[in-house]
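Thanks for coming. I have one structure to go through, and I will keep to residues, contacts and the chain interface.

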Amino acid sequence: MQLFECPFCGLRSETEFHFLTEAGKQRPEPAEEVSDEKWADYLYNHKSPRGRTAEIWVHIPCGEFFILERDSITREVFRSIPLKDYEQLK
Amino acid sequence: MDHYSIWSLIAQGLKQKPAWKPAWRKAKPKSSYEVIIIGGGGHGLSTAYYLAKNHGIKNVAILEKGPIGLGNTGRNTTTIRSNYFYPESVALYDLSLRLYENLSKELNFNIMFSQRGLLMVAHTPTQMEICNRIANAMILNGVDGELLSARQVLGLIPLWNRRDDARYNCHGGIMQGRGGVARHDAVAWGYARAASNFGVDIIENCMVDDFLLEAGQVVGVNTSKGEIRAERIGIAAAGGTPFLVRKLGQDLPILDYALQAFVTEPIKPCLDVVVLSLGTGTYVLQSDKGEIVFGGGLDRIPTHTQRGNLPTQETVVSGLLEMFPSFGQLKMLRQWAGVVDVVPDSSPIIGPINKPGVYINCGWGTGGFKAIPAGGWLLAHLLAKDEHHYISEPFGLDRFKTGKLIDEATGSGIAH
């Protein structure tokens with residue numbers, strides 16, 4: 001079993017976490033100018049990189065949403081970043 | 001090609017040194033083909049076979065990065081069924097099931113298809129209502145589905161947990177009698193042999209790195225064995241597909257997950273249907289060798305490696321022991337994982353992409369094996385006619401743009 005770090009609760013079992021989506025997607029705006037294609041791309045398409053990834057996860061018991069940086073091949077976990085800090089980091 | 005029959009078996013058996021010929025040719029790549037198929041798993045091999053058989057296109061090469069049939073084709077739990085909810089899905093999966101029913105004869109290769117029946121067990125009155133709904137959907141879609149009482153279900157699976165403290169009591173179930181299992185390797189080998197016999201080149205250990213582009217058009221591929229040109233390209237590379245088509249600027253709505261399977265030591269026959277519990281999410285069957293083969297849901301962490309995680313193993317194994325406590329005496333022989341390409345609506349993607357002449361068949365997620373004949377049939381149709389077969393039409397990429405998803409994950413209320 002792996003331990004992931006919740007920015008609020010600290011290290012917890014991987015079973016308490018839920019993957020939501022890849023990080024870094026920007027919601028296309030303004031809505032009335034967004035084509036169906038662009039919207040579908042935003043909603044559904046993934047980069048699914050091999051290697052280092054940044055993803056949005058939620059820690060189910062406390063409800064904290066955060067960025068989890070990890071490796072999609074080795075499964076190594078690098079770090080967890082609260083969503084509010086992520087924009088500044090980029 | 002040798003014709004396999006009881007007589008050829010006896011004739012070879014009587015020889016001091018049986019002289020079986022290799023079932024398919026090991027081909028060297030030519031410089032160009034009419035059609036290239038990337039991916040030598042079940043779907044790629046069956047595509048080549050149906051291109052030759054249904055459409056007369058025999059100048060075809062299959063490019064496989066390793067040996068054929070060793071990806072998910074050789075890693076699944078061999079179950080074949082068509083108990084889906086939406087008419088589009090049933091048309092697709094039942095085409096596959098019907099093709100499977102005649103496949104051993106057609107390929108002259110015993111795929112050991114055993115239609116032993118697929119049983120879904122319900123544990124609560126609510127789950128029985130879900131079963132009712134599924135049975136009605138199946139019957140409306142023209143597929144066999146039979147609602148069973150608790151007594152009937154227990155008659156089929158006498159080893160089911162009937163203890164007073166059982167967490168999931170049997171409340172009834174639903175049966176698809178035409179469902180069953182087949183030998184997965186034999187499906188790959190049978191299609192490979194039949195395709196090779198039509199003159200298709202099966203090129204193993206040939207990794208496709210990139211596409212050859214001329215004036216924005218795809219004219220071939222760059223491989224570890226050099227450039228190979230083709231008029232049309234079919235991609236049936238499962239989890240590898242997104243990486244290939246991204247080189248053409250096409251993104252796909254696919255995430256890769258690991259899906260695990262487990263096998264125990266072989267025992268005497270004790271389970272003659274495929275059983276899925278709606279409560280535990282674990283499904284189980286007994287192989288012809290006597291092993292108990294079982295699996296469950298996806299690992300919930302996206303990954304590209306064929307390795308499973310421990311919490312999911314725990315969930316699946318405890319599910320099995322809850323269903324059949326007596327299996328707790330068995331030793332586990334093997335556990336493995338395959339990488340499955342999961343689409344948001346749990347339905348496959350079959351159709352053209354952003355470049356003319358390039359077609360994909362991927363996104364089968366956890367259920368690609370049962371769809372091998374249909375996937376090949378439909379991709380071959382696209383490659384030969386440059387237009388959809390009516391069955392594959394709803395499964396194109398444009399459904400994500402139009403919103404016309406075929407959401408089987410919610411539709412049938414079970415894991416796929």
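I'll start with one glutamine. Q313(B) touches Q260(B), F262(B), G308(B) and Q335(B), leaving aside residues up to four places away in sequence; contact here means heavy atoms within 4.5 Å. Q313(B) lies in helix 9 of chain B, residues 310-323. Helices are DSSP runs of H or I with at least four residues, strands are runs of E with at least two, and both are numbered from the N terminus. Q313(B) is buried, at a relative accessible area of 17%. Buried means under 20%, exposed over 50%, and partly exposed in between, with a 1.4 Å probe and protein chains only.

Before I go on, the ground rules. This is a predicted model, where local features need pLDDT of at least 70 and side-chain atom pairs count only at pLDDT 80 or more, while totals for chains, interfaces and linings use all residues. Residues are numbered from 1 along each chain as its sequence is written, chains are lettered from A and ligands numbered from 1 in the order written, and side-chain values use heavy atoms, without hydrogens and water.

Next, helix 2 of chain B, residues 42-55. Its 14 residues should span 20 Å at 1.5 Å a residue, and the end C-alpha atoms are 19 Å apart, which agrees; the expected span is 1.5 Å times one less than the number of residues. Eleven of the 14 are buried, so the helix is largely enclosed by the rest of the structure. Among the buried ones are H43(B), L45(B), Y49(B) and Y50(B). Just after the helix, G56(B) takes a positive phi of about 70 degrees.

Now the interface. Chain A and chain B bury about 2300 Å² between them, 52% of it on carbon and sulfur atoms. That buried area is the accessible area, with a 1.4 Å probe, that two parts lose on being put together, summed over both. On the chain A side, Y44(A), R50(A) and R75(A) lose the most area to chain B, together 29% of what that side buries. The contact takes 26 residues from chain A and 28 from chain B.

How many salt bridges are there between chain A and chain B? One. K47(A) and D251(B) form a salt bridge through their side chains, at 2.8 Å, N to O; the rule asks for a side-chain nitrogen of Lys or Arg within 4 Å of a carboxyl oxygen of Asp or Glu. Helix 1 of chain A gives the largest share of the side touching chain B, five residues.
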